[in-house]
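Trainee: I would like to go through this model term by term. Can we test each label against its cut-off?

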Amino acid sequence: TPALPFAATAGRVKAHAKEFEGNTQESIGNVTGNQGDRLAGKAKQAEANVRNAVEDVKDKAGKG
């Protein structure tokens, strides 16, 4: 398999980190009953999904 360009790899790492951060924050909100943490965690997960979608587009453009 061809190696991904560094920028794409860095983008994926950032997206995964944001997803992990969001999952953690949402979990903390669930445990503590803090609605703000739950919503912020979900927002971070949504941002991670967008970042991953951007990386998918970059990957497809690079393969063409």
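Mentor: Start with Arg12. Arg12 is buried, at a relative accessible area of 16%. Keep in mind that the model is predicted.

Trainee: Why is Arg12 called buried?

Mentor: Buried means under 20% relative accessible area. Arg12 has 16%, so the label holds.

Trainee: Which residue forms a salt bridge with Arg12, with the closest N and O atoms 2.7 Å apart?

Mentor: Asp59 does, with its closest N and O atoms to Arg12 at 2.7 Å. This pair links distant parts of the chain: Arg12 sits in helix H1 and Asp59 in helix H2, 47 residues apart.

Trainee: What makes that a salt bridge?

Mentor: The cut-off is a Lys or Arg side-chain nitrogen within 4 Å of an Asp or Glu carboxyl oxygen. Arg12 and Asp59 come to 2.7 Å. The pair qualifies.

Trainee: Is Asp59 buried or exposed?

Mentor: Asp59 has 17% relative accessibility, so it counts as buried.

Trainee: Which other salt bridge does Asp56 bring in?

Mentor: Asp56 pairs with Arg12, and the closest N and O atoms are again given as 2.7 Å apart. Here too, distant parts of the chain are linked: Asp56 is in helix H2 (residues 35-63), Arg12 is in helix H1, and 44 residues separate them.

Trainee: How many salt bridges does a search of the whole structure find?

Mentor: The search finds seven.

Trainee: What about Glu55 and Lys58?

Mentor: They form a salt bridge too, with the closest N and O atoms 3.3 Å apart. That is within 4 Å. Both residues lie in helix H2, three residues apart, which means about one helical turn between them.

Trainee: Why does Ala15 count as buried?

Mentor: Ala15 has 0% relative accessibility, so it counts as buried. Ala15 is found in helix H1.

Trainee: Which residues are in contact with Ala15, leaving aside neighbours within four places in sequence?

Mentor: Ala48, Arg51 and Asn52 are. Contact here means heavy atoms within 4.5 Å. The C-alpha atoms of Ala15 and Asn52 are separated by 6.0 Å, although the two residues are 37 apart along the chain.

Trainee: And how do you know that Val50 is exposed?

Mentor: Exposed means over 50%. Val50 has a relative accessible area of 52%, so it is exposed. Val50 lies in helix H2. From Val50 to Ala15 is 35 residues in sequence and 8.3 Å in space, C-alpha to C-alpha.

Trainee: What class does Glu21 get, at 34% relative accessibility?

Mentor: Partly exposed, because 34% is its relative accessibility. Glu21 lies in helix H1. Glu21 and Ala48 are 27 residues apart in sequence and 9.6 Å apart in space, C-alpha to C-alpha.

Trainee: What makes the Glu21 and Lys44 pair a polar contact?

Mentor: The cut-off is 3.5 Å between N or O atoms. The side chains of Glu21 and Lys44 are joined at 2.8 Å.

Trainee: Why does Glu26 count as buried?

Mentor: Glu26 is at 14% relative accessibility, so it counts as buried. Glu26 lies in helix H1 (residues 6-32). Not counting residues up to four places away in sequence, Glu26 touches Asp37, Arg38, Gly41, Lys42 and Gln45.

Trainee: How many helices and strands does the protein chain have?

Mentor: Two helices and zero strands. Of the 64 residues, 23% count as buried. The chain exposes about 4,500 Å², with 62% of that supplied by carbon and sulfur atoms.

Trainee: What share of the contacts with a separation of 6 or more comes from residues 24 or more positions apart?

Mentor: Such residues account for 51% of them.

Terms used. Residues are numbered from 1 along each chain as its sequence is written. This is a predicted model: local features need pLDDT of at least 70, side-chain atom pairs count only at pLDDT 80 or more; totals for chains, interfaces and linings use all residues. Side-chain values use heavy atoms; hydrogens and water are left out. Helices (H or I, at least four residues) and strands (E, at least two) are DSSP runs, numbered from the N terminus. Buried means under 20% relative accessible area, exposed over 50%, partly exposed in between (1.4 Å probe, protein chains only). Accessible areas come from the Shrake-Rupley method with a 1.4 Å probe; for residues, only the protein chains shown count as cover. A polar contact is a pair of N or O atoms within 3.5 Å; within protein, one must be able to donate a hydrogen and the other to accept it, and residues adjacent in sequence count only if both atoms are side-chain atoms.
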